[in-house]
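Q: Could you take me through this structure one feature at a time, giving the general idea and then the case at hand?
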Amino acid sequence: MIPARFEKWIPWAGRLISLVPVFILLSSARWKLTHNPWYVSEWARIGYAPDAINGIGLVQVVCVILYLIPQTAILGTVLLTGYLGGAIASYVRIGELYPPLVPLTTCLLAWAGIYLRERRLRALLPFRGRA
């Protein structure tokens, strides 16, 4: 059980933590949608078709928007988990082990942020106390 004096700060901590994955994902979407030369070459190196970059960037922006709206935040988190899982799979497929740490960390921070922001999620998935 969390002391009442901390209860009001937990959602604010979640909002602060949520800013990190939002910044990372919006930066990535911007690189996709503006066709940043470095990102386009990385996109090709991973093995994706160049004409898919705009669609994937738009999907990413929609997922972030859903993550930011309180009523759809859990859905947005689930969709971001799938999206970032695809990013991890893309790097694992080509045999690179370091780049998957970025989407993995981004996903974990997104879940930590929503867990702290959403009281109902904390009630559904509580941490177990000492036995």
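Q: Is histidine 35 buried, partly exposed or exposed, and what is its relative accessible area?
A: This is a predicted model, and in it histidine 35 has a relative accessible area of 38%, which means that the residue is partly exposed, since that class lies between 20% and 50%.

Q: Where is histidine 35 found, and what value does its phi take?
A: Most residues other than glycine have a negative phi. Histidine 35, which is found in the loop between H2 and H3, has a phi near 55 degrees, a positive value in a residue other than glycine, and this positive phi comes just after H2.

Q: How does one check the length of H2 against its number of residues?
A: At 1.5 Å a residue, the 24 residues of H2 should span 34 Å, and the C-alpha atoms at its ends are 34 Å apart, which agrees.

Q: Which residues of H2 are buried, and what covers them?
A: An α-helix has 3.6 residues a turn, so residues three or four places apart point the same way. In H2 the buried residues are Ile10, Pro11, Gly14, Ser18, Pro21, Val22, Leu25, Ser27, Ser28, Ala29 and Lys32, and what covers them includes helix H1 (4–7), helix H3 (37–46), H4, H5, H6 and helix H7 (119–124).

Q: Why does serine 18 count as buried, and with which residues is it in contact, leaving aside its neighbours within four places in sequence?
A: Serine 18, which lies in helix H2 (residues 10–33), counts as buried because its relative accessibility is 3%, under the cut-off of 20%. Leaving aside neighbours within four places in sequence, serine 18 is in contact with Tyr67, Gly113, Ile114 and Arg117.

Q: How many aromatic pairs does the structure hold, and how are the planes of tyrosine 39 and tryptophan 43 arranged?
A: The structure holds six aromatic pairs. In the pair of tyrosine 39 and tryptophan 43, the rings are 6.3 Å centre to centre with 35 degrees between their planes, an arrangement classed as tilted. Both residues lie in helix H3, four residues apart, or about one turn of the helix. Tyrosine 39 is buried, with a relative accessible area of 13%, and tryptophan 43 is likewise buried, at 7%. Together with Trp31, Trp38 and Tyr48, these two residues form one aromatic cluster.

Q: How many helices and strands does the protein have, and what percentage of its residues count as buried?
A: The protein has seven helices and zero strands, and 33% of its 131 residues count as buried. Of the contacts with a separation of 6 or more, 60% are between residues 24 or more positions apart.

Note on methods:
Residues are numbered from 1 along each chain as its sequence is written. This is a predicted model: local features need pLDDT of at least 70, side-chain atom pairs count only at pLDDT 80 or more; totals for chains, interfaces and linings use all residues. Side-chain values use heavy atoms; hydrogens and water are left out. Helices (H or I, at least four residues) and strands (E, at least two) are DSSP runs, numbered from the N terminus. Buried means under 20% relative accessible area, exposed over 50%, partly exposed in between (1.4 Å probe, protein chains only). Contact means heavy atoms within 4.5 Å. The expected span of a helix is 1.5 Å times one less than its number of residues. Rings of Phe, Tyr and Trp (its six-membered ring) pair if their centres lie within 6.5 Å; planes under 30 degrees apart count as stacked, over 60 as edge-to-face and the rest as tilted.
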